Amino acid sequence: MSGATPTSHGFDKAFNGFLYEHGYVGGAVAAMKDGRLLFAKGFGEDRNGQQVTAHSKFHVSSLAKSFTGVAIMRLVQERRISLDDRVFGKGGLLEHIQPWRKETVDSRLRLITVDHLLRHSCGWDVNQAPLYDPLLNKLYLARGHDVPDIARHIGESHPIEPKTLISYVISQPLDFTPGTKSAYSNMAYLVLGRVVEATSKMKYEDFVEKYILEPCGMWNTRLELSSSDEDYAALFTDQQEGSGQSLFKDIDIRSVDSALGWFSTVYDLIRFTRCTFEMGQMLDDRHLKILLARKVSRSPRSSPELDSHTETWNAAGFFTNTRGIVWQDSDAHADDLILYHDLRPPTMLTKATLKRRDTHRRQRPRRTDAERVTAWHMDTEAAAELQLERAEERERLPESWVMLLHGKSINHIRHYSYNLMTYVDTSEASKPKENLFLYDLSDLHRHPSWDPELAWSWRQVGATPEGGVLPGKREAPQMTIRYQVDEQDVSAYVDALKDEGFDVQWFTSNPDTQKTSFLVMGKRVKRPVRASYDFVFQHGLDHRSLLKNKLWLERSGYNITQLHSYISSSQNDRENKKREWAKEEPSFAAIFRYEGFPIGTQMKYGTGHLPDPYHKLVQMYHEKEFYPVSQTVTWSKSQKSEEFAFVFIKRADLRKRSTKFQQLYDLTCNELAQVTAKKAKAQLSLTYLNSYNIAGDRCRFSAVFTNSTQSKGLLEMGRPQEKVSEMTILNMRMGLAPKFMAPYKESGKLKYAIYYEEF
């Protein structure tokens with residue numbers, strides 16, 4: 001399986017034919033209609049000869065401009081900048097970037113506004129000598145083009161920092177007066193990236209991650225791939241020069257970040273489309289309209305060309321036209337791609353239009369397109385019918401699609417992609433029964449034994465022939481499991497789960513000292529209780545920031561319901577210079593839920609406690625009828641002992657029976673299995689489980705047993721990852737759903753302790 005794949009045979013055949021005809025080695029494609037993912041699938045191979053899947057990462061070149069355009073409009077919406085703000089010179093947003101040579105500065109430079117940069121009307125043109133595209137200067141030189149050697153002129157080495165390159169370029173003459181024409185410019189968007197940084201006081205990459213990637217759930221989108229990433233070698237090429245070689249030897253991705261940077265997948269780009277144009281998560285209606293406007297600058301120097309009623313124009317980070325189509329394609333030197341969205345497909349055929357169409361069809365025989373086009377000026381009725389049929393076709397198409405390709409071939413990819421989408425069956429009967437985004441979010445769904453039809457039947461466990469549910473039976477929960485989510489991606493991943501209506505039931509860190517990652521289990525929210533969907537997930541916190549965020553969120557009604565401590569290998573700066581404290585001090589991850597505990601519940605929490613002080617606290621809390629809901633442990637090398645972080649609560653309703661509990665730690669695998677069986681006989685169930693490493697990387701478990709639940713459970717130990725999904729699917733068929741998973745290493749191999757509970 002190469003993704004979420006219920007496509008038609010006709011589309012698969014057409015797409016494979018498209019790849020072959022135009023010389024692409026492979027590609028991935030996804031389509032969406034009415035907010036539902038219709039399919040996501042990979043075809044062919046990448047440059048390593050590996051099968052392309054819907055999960056494959058591609059360099060997305062000019063889609064970086066789309067991210068940057070939305071980022072700028074977020075700042076405009078928040079009134080931190082204005083589209084009419086000047087960029088360079090005294091009082092400009094980038095006043096701190098001074099020209100390399102002031103004596104050669106074009107006097108028109110000070111006219112450039114934010115809006116000019118957004119809509120490629122700032123005065124730079126990649127088709128004009130002598131610089132052409134300054135971002136590709138090293139590439140041009142390597143291929144023998146007659147361009148200035150920018151690095152040599154300014155006495156720098158490659159890669160040139162964006163601010164340094166901007167300093168050089170703004171000391172050169174402009175190609176035209178800002179605001180008088182529109183000409184494609186990567187330089188404009190490199191400058192906009194620095195506007196984001198100057199205005200937000202954040203790095204461009206961090207701003208995009210926080211305000212675009214995380215809210216949209218784009219957990220597989222990043223500015224740079226590591227050399228260990230499986231998609232690292234599948235890089236863009238420039239076949240126009242006949243070399244077929246990677247441009248990465250001539251371009252540093254961080255030096256072109258806001259213009260040509262970023263890697264992504266078809267899943268994430270469909271999320272970006274939905275998030276921006278359908279869900280309104282990025283911009284309100286007013287600022288979305290401004291984003292896509294032809295021109296909004298009130299400058300008196302604006303030209304008739306920019307005000308003209310041409311069908312297509314440069315919007316802010318996108319192209320759009322008078323028919324409500326929004327798209328972005330690739331840079332001229334990068335692999336082909338297309339992101340396409342129809343802003344207004346559902347409402348085109350009004351009742352009056354449909355009635356008029358039916359009247360026309362009853363009165364005249366059906367004619368071919370060619371006949372109707374010929375009759376356009378002579379027969380307005382036939383022309384109207386042709387327009388209606390085209391509208392019908394547009395309404396049948398998906399509203400959004402993304403195509404990412406390995407190779408460079410055609411100039412009119414929007415046209416080709418439109419024709420390919422006519423092969424997609426969007427009828428209600430053909431739409432998938434399940435949410436296909438889950439194939440991106442869940443390893444459970446990607447397991448070979450996963451069967452969507454069986455999954456559907458699980459939700460009917462205990463169903464009667466009449467469609468009811470037998471007494472004492474409940475529908476099986478819809479679950480997701482992702483075994484490894486990198487720490488840098490986990491916030492966006494959690495937001496992606498929330499967007500699909502899933503709650504985070506459980507999370508924990510994996511026992512890898514080289515790269516921090518999380519295991520995350522999700523559960524579908526069936527009956528909307530605010531605490532199950534209104535929650536805040538945070539990670540990478542130290543003791544002080546955890547306390548600060550806890551106090552701040554409590555004022556808004558959020559309670560800390562799960563706390564986890566871990567040793568992070570990711571708490572380092574962008575240059576990968578690790579801080580010494582990160583090797584020793586624990587980091588914290590936590591879930592804060594809105595009214596996570598009933599009103600009146602008392603809560604106690606603590607971090608950094610050694611065993612003796614912790615035991616005394618537990619005894620004191622026990623006497624006051626508190627019981628633990630989290631007991632997370634890390635190993636302190638300096639203290640040569642466990643270090644505890646915890647959450648205890650006390651019920652508000654004293655009429656209920658008191659909660660008995662026993663909290664344990666330093667348990668081996670065998671001890672955990674034995675004590676779980678023993679406590680079950682004493683009517684104490686496992687209500688918290690986690691693993692941690694002690695000296696010598698030996699695994700130990702932390703566990704809490706209480707009488708707060710009457711559900712029966714099952715503990716399985718020693719399962720390798722390839723068996724966990726298989727056993728989970730089997731157990732769910734038998735009425736058992738996973739509640740906790742604790743990954744640990746035994747003899748150097750990753751294994752799992754899983755606790756299942758009846759549903």
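This note goes through a predicted model of one protein chain, point by point.

1. **Confidence overall.** The structure is a predicted model. Mean pLDDT for the protein chain is 86. A pLDDT of 70 or more is reached by 82% of the residues.

2. Two segments need care. In residues 236–244 the pLDDT is below 50. The model still gives that stretch 30 contacts beyond near neighbours in sequence. Residues 346–367 also stay under 50. Here the model has 26 contacts beyond four places in sequence. Where pLDDT is low, the predicted coordinates should not be read in detail.

3. **Overall make-up.** The protein chain has 759 residues, and 55% of them are buried. Its secondary structure comprises 24 helices and 24 strands. Take the contacts between residues at least 6 apart in sequence: 72% of these join residues at least 24 apart. The exposed surface comes to about 34,300 Å². Carbon and sulfur atoms supply 48% of that area.

4. The structure holds 27 salt bridges. One of them joins the side chains of Asp34 and Lys431, at 3.0 Å from N to O. Lys431 is buried, at 10% relative accessibility.

5. **A salt bridge within a helix.** Arg271 and Asp268 form another salt bridge, with the closest N and O atoms 2.7 Å apart. Why are these two residues about one helical turn apart? Because they lie three residues apart in helix α10 (residues 266–278). Arg271 and Asp268 are both buried. Elsewhere, salt bridges with shared partners join Asp34, Arg36, Glu428 and Lys431 into one network.

6. **Glu78 and Arg74.** This pair also forms a salt bridge. The closest N and O atoms are 3.8 Å apart. The cut-off is 4 Å, so the pair counts. Glu78 is partly exposed, at 32% relative accessibility. Arg74 is buried, with a relative accessible area of 12%. In general, side chains of opposite charge can pair when their charged atoms come close.

7. **Strand β15.** How many of the eight residues of β15 (residues 587–594) are buried? Eight of the eight are. Ser587, Ala589, Ile591 and Arg593 point one way from the strand. Phe588, Ala590, Phe592 and Tyr594 point the other way. All of these residues are buried.

8. **Partners of β15.** Strand β14 (residues 558–566) runs antiparallel to β15, joined to it by eight bridges. In that pairing, Leu563 has Ala590 of β15 as its bridge partner. Strand β13 (residues 535–541) also pairs with β15 in the antiparallel sense, over five bridges. There, Phe535 has Arg593 of β15 as its bridge partner.

9. **His59.** Buried or exposed? His59 is buried, at 7% relative accessible area. The residue is in strand β3 (residues 58–59). What do the polar atoms of its side chain approach? One polar atom of the His59 side chain lies 2.5 Å from the backbone oxygen of Leu260. The backbone nitrogen of Ser61 is 3.5 Å from a polar atom of the His59 side chain.

10. **Thr312.** Thr312 is in strand β5 (residues 312–314). Its relative accessible area is 34%, so Thr312 is partly exposed. Leaving out residues up to four places away in sequence, Thr312 touches Thr320, Asn321 and Trp327. Val326 is 14 residues away from Thr312 along the chain. The C-alpha atoms of Thr312 and Val326 are 9.8 Å apart.

Definitions and conventions: Residues numbered from 1 in each chain as written. Predicted model: local features only at pLDDT ≥ 70, side-chain atom pairs only at ≥ 80, totals over all residues. Heavy atoms only, no water. pLDDT = per-residue confidence, 0-100. Contact = heavy atoms within 4.5 Å. Helix = DSSP H or I, 4+ residues; strand = E, 2+ residues; numbered from the N terminus. Buried < 20%, exposed > 50% of the residue type's maximum accessible area, 1.4 Å probe, protein only. Areas by Shrake-Rupley, 256 points an atom, 1.4 Å probe, with all protein chains shown as cover. Pairing = 2+ DSSP bridges. Polar contact = N/O pair within 3.5 Å; in protein donor to acceptor, adjacent residues only side chain to side chain.
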